[in-house]
Amino acid sequence: MANSPQARKRAKQSEKRRAHNASQRSMVRTYIKRVHGAVESNDAEAAGTALSQAVPIIDKMVTKGIMHKNQAARQESRLNKRVKALSA
């Protein structure tokens, strides 16, 4: 356990950041699942709407440092591919 005051403070800050980042990651996963759900139900309009809501959230996670840019690009590409295949 942290012994110095500054180490105690850093431990507290780290825990607070960890909880916040976990919440943000959970939110992104929820948006991705909404797109998958719409695709599974063969609803092209809902899938397009869900995708347009998910992409800015994924991009925001990259700027916040919660998600790597390549991971975000991969997720967006796969989601877009599934939605386009549904409408075609």
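Buried means under 20% relative accessible area, exposed over 50%, and partly exposed in between (1.4 Å probe, protein chains only). The model is predicted: local features need pLDDT of at least 70, side-chain atom pairs count only at pLDDT 80 or more, and totals for chains, interfaces and linings use all residues. Residues are numbered from 1 along each chain as its sequence is written, and side-chain values use heavy atoms, with hydrogens and water left out.

**Exercise 1. Classify V62 by accessibility and list what V62 touches.**

Step 1. V62 lies in helix α2; helices are DSSP runs (H or I, at least four residues) numbered from the N terminus.

Step 2. The relative accessible area of V62 is 27%, so V62 is partly exposed.

Step 3. Contact means heavy atoms within 4.5 Å. Not counting residues up to four places away in sequence, V62 touches M67, H68, K69 and A72.

Step 4. A73 is 11 residues from V62 along the chain, and their C-alpha atoms are separated by 9.6 Å.

**Exercise 2. Compare the reach of α1 and of α2 with the span expected at 1.5 Å a residue.**

Step 1. The expected span of a helix is 1.5 Å times one less than its number of residues.

Step 2. α1 has 36 residues, and from its first C-alpha to its last α1 reaches 52 Å, close to the expected 52 Å.

Step 3. α2 has 21 residues and reaches 30 Å between its first and last C-alpha, close to the expected 30 Å.

**Exercise 3. Describe how α1 packs on α2.**

Step 1. α1 covers residues 5–40 and α2 residues 44–64; their axes are 9 Å apart and the packing angle is about 160 degrees. Axes are lines fitted to C-alpha atoms, for helices over the stretch in contact, and angles run from 0 to 180 degrees between N-to-C directions.

Step 2. Angles under 35 degrees count as roughly parallel, over 145 as roughly antiparallel, 65 to 115 as roughly perpendicular and the rest as oblique. α1 and α2 are therefore roughly antiparallel.

Step 3. The crossing of α1 past α2 is left-handed, a term for a near helix turned anticlockwise from the far one by less than a right angle (right-handed if clockwise).

Step 4. On the α1 side, the meeting residues are Q24, M27, V28, Y31, I32, R34, V35, A38 and V39; on the α2 side they are A46, A47, A50, L51, Q53, A54, I57, I58 and M61. The contact of α1 with α2 has 15 nonpolar, two polar and one charged residues. Here Ala, Val, Leu, Ile, Met, Phe, Trp, Tyr, Cys and Pro count as nonpolar, Asp, Glu, Lys and Arg as charged, and the others, Gly among them, as polar.

**Exercise 4. Which residues of α1 and of α2 are buried, and what do they pack against?**

Step 1. In α1 the buried residues are Q24, V28, Y31, I32, V35, A38 and V39, and their cover includes α2 and α3.

Step 2. In α2 they are A47, A50, L51, A54, I57, I58 and M61, which pack against α1 and α3 (69–87).

Step 3. An α-helix has 3.6 residues a turn, so residues three or four places apart point the same way.

Step 4. Q24 counts as buried because its relative accessibility is 17%. Q24 touches M61 and I66, leaving out residues up to four places away in sequence.

**Exercise 5. Are N42 and G65 buried or exposed?**

Step 1. N42 lies in the loop between α1 and α2, and G65 in the loop between α2 and α3.

Step 2. N42 counts as exposed because its relative accessibility is 61%. G65, at 61% relative accessibility, also counts as exposed.

Step 3. Phi of N42 is positive, near 60 degrees, in a residue other than glycine. For G65, which follows α2, phi is positive and near 85 degrees.

Notes. Helix = DSSP H or I, 4+ residues; strand = E, 2+ residues; numbered from the N terminus.
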